[in-house]
There are 2 protein chains.
Amino acid sequence: MQGTPPHSPAYPPTERTVPTRSPDRAAYDREQVHAILDEGYVCHLGFVRDGAPVVLPTLYGRVGERLYVHGSTGSRPLRAAGLAHPGLPVCLTVTHVDGLVLARSAFHHSINYRSVVVHGVAYDVTDAEEKRRALDALVDHVVPGRAADSRPANRKELAATAVIRLDLNEVSAKLRTGGANDEPEDLDLPHWAGVVPLRKGYDAPLADPGLAPGTALPGYLAAL
Amino acid sequence: MQGTPPHSPAYPPTERTVPTRSPDRAAYDREQVHAILDEGYVCHLGFVRDGAPVVLPTLYGRVGERLYVHGSTGSRPLRAAGLAHPGLPVCLTVTHVDGLVLARSAFHHSINYRSVVVHGVAYDVTDAEEKRRALDALVDHVVPGRAADSRPANRKELAATAVIRLDLNEVSAKLRTGGANDEPEDLDLPHWAGVVPLRKGYDAPLADPGLAPGTALPGYLAAL
């Protein structure tokens, strides 16, 4: 039996990653999943505390097939990940809203979106080298190339920062694209229908008033 | 004993809504919470299935102190809400990313954001009138004023749509604003620091190619 090689082009679907609704919107392609993950700034990390769900927004970074989330060593989810054995069951979700879909019927209103849902168990990162790489990935996730242009974490900061790792094994993307899907009998109704795309981009960077003299806007920000 | 009146200006903090970290970033003001909720398109709904957390992006709407989420009667979370008694424990989170915060030190990189976390129990909406109002709220949440300018759900569509309700009782907002918080000893480092604001807005609406003749772009879209 061969099994799935670690870098097959797609994540193998599981019971949890095959949607009960609109299965045509699900995708398992690694490149597509990575692209959706890399475009986000914040993930929504879900875990169970005292039997109830908790969903918190948090920064993340990706190194190959591993996601990293960091936080204070005093924060609840990270404390739970470090204490729980053998790790903390989590669900990590990243979503981009691309457009508002207005149909002639109220029922068919929707949004265009791309999301990734990762199921798994998060582990506390204890290896110092892996922790450093993870923190670089977290900074580079905010602005690519930024980790190399900032003062690296010192020993005290490293000790105050907990990092948890979630491997990309049980993963799916879900996407909606295109226009309104109205019923044929509604097409002659006088209501406007179509898509309002959401604009993505950046406004001009606001420099800290106390920048050291001669500090120019770096190229990786001008390129945004 | 008087207790908290239902429309006091703030949600009473609970053990779950007081953060262990950065408590200065937490807010409980109803108006502020409503504004953050109303600006979002997608919430991240967390629930527990077979002991593991699940976090799914989904549309939502607000009517006063109630949030509504809808979906197919065949979808997992809604089926769970309908079947479970006395309801489905959920955590519903809405997050806006407002800016990237670049500090001189890697450690102080952050983002500016506004989020709302709602803890509670979701109940299946069975009252026909409440269900209709909830569905209007869901459509108006995508584009205010739109519910009145679309064909209302018919009996078949209403039957195929499940709506769950989550009351706003245990609620908190969390916000980060402002610039980089560098250590005093880092201020002379030659790294650029500041904030890159994320641009919010819309691109020009894309009309469905099959609009009925004479259908103009409605004012509520032109105003976007």
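Me: Which residue forms a salt bridge with Glu39(A), and how far apart are the closest N and O atoms?

Reply: Before that, the ground rules: this is a predicted model, where local features need pLDDT of at least 70, side-chain atom pairs count only at pLDDT 80 or more, and totals for chains, interfaces and linings use all residues. Residues are numbered from 1 along each chain as its sequence is written, chains are lettered from A and ligands numbered from 1 in the order written, and side-chain values use heavy atoms, with hydrogens and water left out. A salt bridge here is a side-chain nitrogen of Lys or Arg within 4 Å of a carboxyl oxygen of Asp or Glu. By that rule, the partner of Glu39(A) is Arg114(A), with the closest N and O atoms 2.9 Å apart.

Me: How many residues apart in sequence are the parts that Glu39(A) and Arg114(A) tie together?

Reply: Helices (H or I, at least four residues) and strands (E, at least two) are DSSP runs, numbered from the N terminus. Glu39(A) lies in helix α1 of chain A and Arg114(A) in strand β7 of chain A, so the pair ties together parts whose separation in sequence is 75 residues.

Me: Is Arg114(A) buried or exposed?

Reply: Buried means under 20% relative accessible area, exposed over 50%, and partly exposed in between (1.4 Å probe, protein chains only). Arg114(A) has 18% relative accessibility, so the label is buried.

Me: Why do the buried residues of α1(A) line one face of the helix?

Reply: In helix α1 of chain A, residues 30-39, the buried ones are Arg30(A), Val33(A), His34(A), Ile36(A) and Leu37(A). The arc is taken from the directions from the helix axis to the C-beta atoms. Seen down the axis of α1(A), these buried residues line one face because they fall within an arc of 165 degrees.

Me: Which helix of chain B holds the salt-bridge partner of Arg165(B)?

Reply: Arg165(B) pairs with Glu130(B), closest N and O atoms 3.2 Å apart. Both count as buried, Arg165(B) at 18% relative accessibility and Glu130(B) at 9%. Arg165(B) sits in strand β8 (residues 161-167), while Glu130(B) belongs to helix α3 (residues 128-142).

Me: How much area is buried between chain A and chain B?

Reply: Counting contact as heavy atoms within 4.5 Å, 89 residues from chain A and 89 residues from chain B take part. Buried area is the accessible area (1.4 Å probe) that two parts lose on being put together, summed over both. Carbon and sulfur atoms give 63% of the total, which is about 7,500 Å².

Me: How many salt bridges are there between chain A and chain B?

Reply: Over all chains, the structure holds 32 salt bridges. Asp208(B) and Arg104(A) meet in a salt bridge with an N to O distance of 3.4 Å. Between chain A and chain B, the count is six.
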